[in-house]
Amino acid sequence: MKRSKIKILWPNNNTSYACEGDDWFVSAEKAGIKIPTGCLTGSCGACEIDINGETVRPCISNIKAINECPLKVTYTTDQFW
Ligand code: FES
């Protein structure tokens, strides 16, 4: 079965394409984005990004297709930082 490409719009206005299950960090790097990291186990929140308004932690999740396409990535703004 052929995997469909997911269009991703990045905060630096670059566009890239990925497949469901691809790694967020690798895709970000290809688009010229460096996602900050910390624990890499899902507990610190340093890597958080917003995908179409939903906050995700790329260190513990992979790219998922959603009905809304493309995926629009923005940096998470945390009012407590
Ligand atoms: S790097 Fe700590 S939650 Fe992702």
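Which element of the protein chain has the lowest mean pLDDT, and which the highest? Strand E5 (residues 71–75) has the lowest, 93, and helix H1 (residues 24–30) the highest, 97. Here pLDDT is the predictor's confidence in each residue, from 0 to 100. Helices (H or I, at least four residues) and strands (E, at least two) are DSSP runs, numbered from the N terminus.

This is a predicted model: local features need pLDDT of at least 70, side-chain atom pairs count only at pLDDT 80 or more, and totals for chains, interfaces and linings use all residues. Residues are numbered from 1 along each chain as its sequence is written. The protein chain has a mean pLDDT of 90, and 90% of its residues reach 70 or more.

**The sheet**

An open sheet is built from 5 strands, in the order E2-E1-E5-E3-E4, with mixed pairing. E2 and strand E4 (54–56) stand at the edges; each has a single partner strand, so one side of each is left without a neighbour in the sheet. On average, neighbouring strands of this sheet are turned by 35 degrees against each other, direction ignored. Axes are lines fitted to C-alpha atoms, for helices over the stretch in contact, and angles run from 0 to 180 degrees between N-to-C directions. Two strands pair if DSSP finds at least two bridges between them.

| Strand pair | Sense | Bridges |
|---|---|---|
| E1 and E2 | antiparallel | 5 bridges |
| E3 and E5 | antiparallel | 3 bridges |

Lys7 has its bridge partner in E2: Tyr17. Ile51 has its partner in E5: Val73. The hairpin of E1 and E2 has 5 residues between the strands, and there Asn13 takes a positive phi near 70 degrees.

**Faces and core**

Side chains alternate along strand E2 (residues 15–19). A residue is buried if 20 or more other C-beta atoms lie within 10 Å of its own, exposed if 12 or fewer, and partly exposed in between; C-beta atoms are placed from the backbone.

Ala18 also belongs to the largest nonpolar core, with Ile8, Ile49, Ile51 and Val73. Such a core is a set of buried Ala, Val, Leu, Ile, Met, Phe, Trp, Tyr and Cys residues joined through C-beta atoms within 7 Å.

**A loop residue**

Gly45 is found in the loop between H1 and strand E3 (49–51). Gly45 counts as partly exposed because it has 15 C-beta neighbours inside 10 Å.
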